[in-house]
Every structure is written in C-alpha cells, then in structure tokens.
Amino acid sequence: MQVRHSRDQFPQRHERGVVVAQWKRREDERLLTGEGRYVADIDVPGCLDAAFVRSKVAHGLLRAVDCRAARDVPGVVGAWSAADLPDLPAVPYTLLAGLSTEDAVAGREWPALVKDRVRYPGEALAVVLGADRYRAEDGVAEVTATIDPLPAVVTPSAALDDSVRLFDGLSNIALRGEAGEPIDPSVWQDAAVVVEATYRQQLLMPSPMECRTVLAVPEADRLTVWSGHQMPHRLRRELAALLGWSTDRIRVVVPDTGGAFGSKSAAFPEFVIVAYLAVKLGRPVRWIEDRMESMLVATRGRGQDQTVRLAADADGRLLAYALTIDADIGAYPHLGVGLPMQTAWMATGAYTTPRVHATLRSVLTNTMVTYPYRGAGRPEAAIAIERTMDLLARRLGMDPIELRRRNFIPPDAFPYETPTGRRYDSGNYAAALDLALKTLDYEKWRAERDRRRQDPDALPLGIGVSCYVERSGGEPGGLHEFGSLEVHEDGTVTARCGAAPSGQSHETVFPALVAKVLGIPETQVRLVEGDTDEQPEGLGSFASRSAQVAGAMLQHAATLLIEEARRRAAGLWRVPVDEVEWVDGTVHLAADGSAAMSLGALMKTTGPLRVEDRYEAGMAFPFGAHVAVIEVDPDLGTVRVLRLVAVDDCGVVLDPTVVHGQAFGSAVQGIGQALYEGMTFDDDGVPHLGYGFLDYLLPTFAEIPPIDIKDTCTPSPSTPLGAKGAGESGCIGTPAAIVNAVADALRIVDPDLLQMPLTPDSVWRAARAPKHEEGAR
C-alpha cells in the first residue's frame with residue numbers, strides 16, 4: 001500500500017518517542033460554561049422520579065413492608081415492595097473475563113428489592129414513584145418496614161468466623177483462587193533474610209462528581225435508556241435479558257458523564273427497577289442518585305486483608321514472595337468476586353522474583369458490593385510488594401533504591417513471563433526510577449532528612465518510593481473494540497466506536513487521531529460514541545483501554561478507509577491499486593498526479609463510503625516510579641506531603657495534556673487512600689456517614705502538594721499505536737510511596753503500625769511505639 005503524507009503522520013515535535021500534540025479539548029467550552037447535558041438535564045414530558053426506601057440496618061430478616069400510606073401522598077403515582085412486584089427480575093451478575101466464577105454466584109441471588117433478608121445497609125426495601133423527586137421522597141417517608149436485626153460482619157476476618165452467614169447453607173467464602181506455584185519450605189529456611197507483614201487495604205468510595213443516573217423512556221415497542229454508564233452495550237444486553245426482549249428493542253445512550261472511576265459499569269438494582277417500572281407503566285422513569293445515597297449504597301473499592309512473606313539472599317536478591325489475600329467483596333458476589341485475581345496475577349510487581357505464589361479468598365460481608373475502582377486490584381498488589389521491599393531494605397541495612405535496582409526486570413528480558421502467569425510486553429523500570437529521583441533531587445532531600453535526624457527540634461522528614469507495574473486494556477476475551485468511519489459529501493468524516501466517555505477526552509483525542517492518520521484537518525472529523533443505535537456493537541471504557549484498544553481500533557479503521565479509497569479510485573481510473581496513492585485526504589495517480597480526488601468527491605462519485613471492523617488488541621503493562629517527601633508532626637500526628645514526583649510510562653502518548661491530567665487526578669486519589677479515605681462502621685455494621693464528606697474525607701485543594709508529572713516512553717508491541725493505559729497510575733504508585741515515606745520519617749519497622757489511611761491518631765500512636773530499627777539506611 002502506498003500512503004504518503006506531506007507532513008508526519010503525527011506532525012508535532014517528539015520527546016523520547018512520545019507524540020507531543022497541541023490539541024485543544026473540544027469538550028471544554030461546553031462543560032466549563034454549564035452547557036453540558038447530563039442525564040439530570042434531560043427533560044422528558046410525563047417523567048416520574050424514583051426514590052427508594054432503604055434499610056437502616058446492615059443485616060436482618062425482613063418481616064414486612066407496608067407501602068399503603070405512601071400511595072395516598074399527593075403526587076405519588078405508586079409505591080411497591082418486592083411482594084408487590086413478583087415478576088421483578090433479579091440483578092444480573094457480571095463475571096470477570098477469563099475467570100470462571102459461576103460457582104461463586106450460584107445460590108446467591110441479588111434481588112432488586114429485598115425479598116426476605118437485608119444483607120447490607122441501605123439495601124432497597126421499596127420504591128416510590130412521584131411526579132418529582134420531592135413528592136417521591138414524601139412517599140418514602142410514609143413507608144414502614146419491620147426488620148429483625150441480625151449480627152453483621154463488615155471485615156473478611158469477622159466473616160471468616162462463620163458464626164454469621166449471609167446465605168443459609170453457604171459459606172461466606174465465595175471464591176478461592178491462586179496464581180503461581182506453591183513455594184518449597186526449604187526456600188524460606190535457606191534464605192539469608194525473610195520478612196513478613198500484614199496489610200489492610202481499606203474500603204474506598206469512588207466518589208465521582210456525578211453520582212449514578214438512569215432514565216428509561218418507553219416508546220412504542222422500544223425502550224430508550226439514558227445513563228452515565230461505562231459500558232452501554234453491556235447494559236443493553238443485560239436489560240434486554242431481564243425484560244425478555246431482543247437487544248434491538250433497547251437503545252442505551254450515554255450523555256455527558258461526570259466521572260466514573262470504574263463505578264458505573266453494572267446494571268444496578270435501581271437500574272433494574274427503573275427499566276421494569278417504565279415498561280410496566282408505559283411512562284418514563286428516572287433515578288438520579290443523590291450524594292448521601294451514593295455514599296451509602298454505591299460500589300466500594302479495595303478492601304483486602306493481606307499477609308506477605310518475602311525472602312532474599314545476603315546481597316538482596318529476591319528469592320521468593322508469598323501473598324495471601326482475604327478480600328472483602330461485599331454482600332453479593334458480583335464482578336468484585338474475581339477482582340482479587342488481579343492482585344494475585346500482578347503480585348510480582350517490577351521484580352525478577354523466581355518463586356511467587358499468591359492465594360486468595362473472596363469473602364462475603366455485610367457491605368455494599370466491592371467493584372472495580374481506579375486501579376482495580378493493581379494498587380493492592382503494588383502496595384503489598386512495595387511496602388515489603390522497604391521492610392526488606394531495612395532488615396538488610398540497604399538503601400531501598402539500591403534494593404529495587406538490584407531486582408528490576410532488565411529491559412532486554414521483555415517480553416517477560418512472570419511466575420504468576422502474566423506476560424509483560426515491554427518496560428524499562430530503572431529509567432523511570434532514575435528520572436523520578438533526578439526530578440526530585442533525591443540526594444538533596446536525603447541530606448535534609450539526615451540533618452533533621454540530628455536535630456531534636458526539627459520535624460521528622462521521610463522519603464518514600466514505589467515502583468509499580470499494572471495491566472491495561474482488559475483480559476483475554478475483552479481486548480477488542482468495534483468501530484467505523486463514514487465519509488460525507490462535504491468531506492467530513494464521522495468516527496464511531498463502542499467506547500463511552502466519562503472524562504477521558506475522547507471527543508478531542510479520537511478525532512485528532514483519525515485526522516492525523518488520514519492527513520486531514522481535525523475539524524473534519526466528528527466522534528459518535530455511547531449510543532447503541534449509532535454503534536450497534538461495543539465493549540466500553542474500563543481498564544484504561546481507551547487509547548490502547550479503542551484508539552488502536554480507530555487507527556485501524558482509518559487505514560481501512562485509505563485502502564478502500566485507493567481501491568475505488570483505481571477502479572474509476574482503470575489502473576492498478578498500486579498506482580494510486582493517498583496524500584492528505586485525497587487520492588492521486590502516483591505517476592504524475594494528473595488525476596486527483598478528495599474524499600467527499602470520491603464518495604459522491606462512487607456511492608456511500610464507509611468502513612467498519614472489530615479490532616483485537618493485546619494486553620499491555622504500563623509502569624512507573626513515584627517518590628514522595630513528607631513531614632510528620634509527631635505531637636499532632638499530622639502528615640504533610642512536601643513533594644510528590646510521579647513518573648509513568650504508558651507507551652506512546654497521544655495527547656500529553658490529557659495524560660498529564662489523568663496522572664495528576666489519579667495521584668490525588670492515591671493521596672486520598674494513603675492519608676484520608678476509608679469506610680468505618682459502628683458496632684451494628686452501619687457506616688459512619690451521617691455528615692457526608694465530613695465523615696469520609698477526600699483531599700481538597702488545600703491538601704494537594706506540589707506534584708511533578710513526568711513520563712518515559714516504552715512503546716507497547718501489542719498494537720501498532722504503541723499506547724498503553726494511562727488513567728490509573730497515581731492510584732497504583734502513590735499510596736505506597738507516601739506510606740513508605742512516613743515509615744522512613746518515623747523509622748518504623750513494624751508495618752502493622754501504619755495501616756491506611758494514616759490518620760493523625762494512627763500516626764500519633766505509631767510515633768510513640770517502641771522502635772527496633774535494624775540495620776542502617
């Protein structure tokens with residue numbers, strides 16, 4: 001194929017192989033001026049608003065729900081409990097691609113409305129529809145429910161006791177799994193040093209700016225569903241199955257969406273009820289989750305109890321690593337039941353550890369379901385190995401930087417097969433760490449730390465490092481995407497793909513990518529996504545797959561369009577295809593250029609010009625190194641982050657501004673996990689959320705330190721585009737760096753003294769614990 005451009009395919013300057021573009025985000029003006037159109041902004045005549053009666057207990061037997069008084073409230077159209085809707089479908093289960101978890105869900109139905117047993121606080125007991133949300137809430141206040149409380153278990157350790165079972169006759173262990181091979185006991189016995197630790201990865205709330213939303217509009221024999229959703233085609237399939245319909249009778253549309261972070265990719269109980277009642281009543285029904293609802297019953301992230309064991313020889317060469325995981329998956333074994341396998345598969349991190357064995361138990365608890373949250377299993381793996389590497393360095397009396405360098409997988413070892421079954425595509429881990437240390441000016445900060453250790457009046461300062469590897473794109477069986485390009489008479493091109501936007505700048509990046517491949521102005525390309533009528537097949541946006549999979553698909557489609565245009569032109573001019581070349585959106589005769597035709601003219605002459613395809617990508621493994629400098633006030637227990645450097649490698653970068661924003665936001669969420677965020681519960685299992693974000697702390701502008709975002713570029717061989725995922729880096733690399741820095745400042749040896757979040761109380765206690773630091777650093 002002959003393709004010639006009068007400029008580079010990506011016509012900007014290049015730094016370390018990274019495509020440095022200067023694209024202005026198309027969506028900015030609309031979103032920043034209040035012109036965005038979210039589900040709550042969609043005005044449908046006759047629409048009813050849903051509000052839910054929710055359990056105030058975490059666990060109990062439901063004896064009765066009485067909705068009669070609610071039906072008499074002015075403006076209330078109807079009120080129903082499960083007993084009033086015997087045909088109401090259950091919530092569909094979503095299973096992890098590549099992992100058989102059918103046995104985990106057998107006998108553990110998730111009812112859309114509680115039938116006989118409450119299993120988490122806030123579980124829906126009844127639904128009220130009103131002319132507006134105010135009237136629906138008035139109706140909710142009149143519903144009475146009788147529940148006999150049962151003991152609640154809100155941690156894996158409590159649930160494993162088996163004295164409280166969430167499902168009669170079934171264990172609270174929904175799934176057991178492992179990665180790698182069991183380690184011979186002689187390895188531990190013969191190692192020069194073995195360190196052990198336990199870690200608690202607390203439950204987190206994704207907390208997007210926009211909570212969950214759904215609007216179902218029946219139209220003749222079809223149903224249109226509007227939702228801020230990450231996987232519209234899956235939602236369409238699940239709703240069609242629930243209603244017993246063919247998928248062509250349901251259209252799902254994703255309008256502007258205010259963030260997701262993994263929490264908006266399921267058909268939740270409220271979605272099932274809204275769709276069911278819209279069809280039953282023949283009227284539009286919507287549910288706009290408010291913030292307190294979201295904090296009570298939206299999905300959770302993380303939630304693992306981990307035990308680790310790491311062995312090394314006298315020179316610090318790693319010999320073996322064992323990781324045991326008890327994962328809190330919430331009350332029902334949804335997608336979260338398989339998430340701990342991501343932790344097990346990624347247990348090795350960036351290191352050449354010859355023997356690695358990870359075992360896990362997915363444990364049911366009386367909490368809302370655990371679900372993918374930015375990083376989804378990989379932060380848990382990175383925190384475990386990175387905290388333990390620092391522990392090993394202390395035991396060996398070795399600088400933690402040197403220990404990591406000594407054990408990195410070398411660049412010439414890729415593709416690299418890990419003992420847990422992952423095949424890392426490409427990497428240069430030492431380069432990322434070197435750049436992070438150089439950016440930080442590591443030696444200067446280390447000298448300041450040592451100076452403060454000699455000054456009894458100085459606040460302790462600590463430096464922490466975390467190197468990580470993650471997986472992006474998805475699992476085998478879910479690494480493809482669908483899309484098309486269509487040419488119009490005026491020469492413009494409509495790009496369609498199966499992704500769905502929730503803040504990743506698709507509207508800017510994807511058209512620019514297509515335009516660069518075609519060699520036409522970016523303004524000539526328009527993107528359509530998040531609409532199952534416009535793009536009948538698709539997977540969606542999750543697992544940092546937008547650029548790696550959907551972007552590669554659009555690049556592939558653009559190449560197909562060029563091939564089809566050359567073929568058509570060759571037919572018109574009666575010459576071999578090899579004699580037709582493509583130059584900046586036009587076809588030319590290669591010999592003398594005497595014949596030329598633009599895309600629009602070609603379409604007018606030869607008929608509709610459209611290409612579509614399914615593109616399969618490969619798994620990719622982004623990586624990076626994060627370094628944090630912190631200051632601790634031992635008298636107050638406060639931790640102040642003075643500096644954070646994040647160096648990430650996501651392969652070829654399509655838009656540095658977008659990637660920088662993703663890395664920055666993710667790092668802030670990583671700070672949140674390390675220092676502020678975490679679900680706490682009372683003795684009855686009800687979360688402490690009475691005052692909203694005053695009880696569940698998020699980092700605000702005042703808590704964000706100077707953050708330096710840098711990158712290295714190691715292209716992925718998985719697609720011609722060379723891109724890897726970029727959206728989850730900070731959640732994976734930042735938490736361990738901060739905790740390691742606090743341990744360094746306080747010279748903590750026992751990791752159990754510093755469990756996230758590092759609240760002032762926990763840091764104050766750790767600062768007063770006996771110190772038994774071994775070795776010199």
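**Aromatic contacts**

Start with a cluster: ring pairs join Phe52, Phe268, Phe271, Trp287 and Tyr371. This is a predicted model, where local features need pLDDT of at least 70 and side-chain atom pairs count only at pLDDT 80 or more, while totals for chains, interfaces and linings use all residues. Residues are numbered from 1 along each chain as its sequence is written, and side-chain values use heavy atoms, with hydrogens and water left out.

In total the structure has 14 aromatic pairs. A pair means rings of Phe, Tyr or Trp (its six-membered ring) with centres within 6.5 Å; planes under 30 degrees apart are stacked, over 60 edge-to-face, and the rest tilted.

One of the pairs is Phe52 with Trp287, edge-to-face, at 5.9 Å centre to centre and 90 degrees between the planes. Phe52 is in strand β3 (residues 48–54) and Trp287 in strand β14 (residues 285–288), so this pair ties together parts 235 residues apart in sequence. Strands here are DSSP runs of E, at least two residues, numbered from the N terminus. Both Phe52 and Trp287 are buried, meaning under 20% relative accessible area with a 1.4 Å probe, protein chains only.

What about Tyr424 and Phe621? Their ring centres are 5.0 Å apart with planes at 40 degrees, so the pair is tilted. Tyr424 and Phe621 are both buried.

Now the charges. A charge counts as over a ring if NZ of Lys or CZ of Arg is within 6 Å of the ring centre and within 35 degrees of the ring normal. Arg212 has its charged end over the ring of Phe268, 4.4 Å from the centre. Arg249 lies over the face of Trp245, 3.8 Å from the ring centre.

Technical notes:
Helices (H or I, at least four residues) and strands (E, at least two) are DSSP runs, numbered from the N terminus. Buried means under 20% relative accessible area, exposed over 50%, partly exposed in between (1.4 Å probe, protein chains only).
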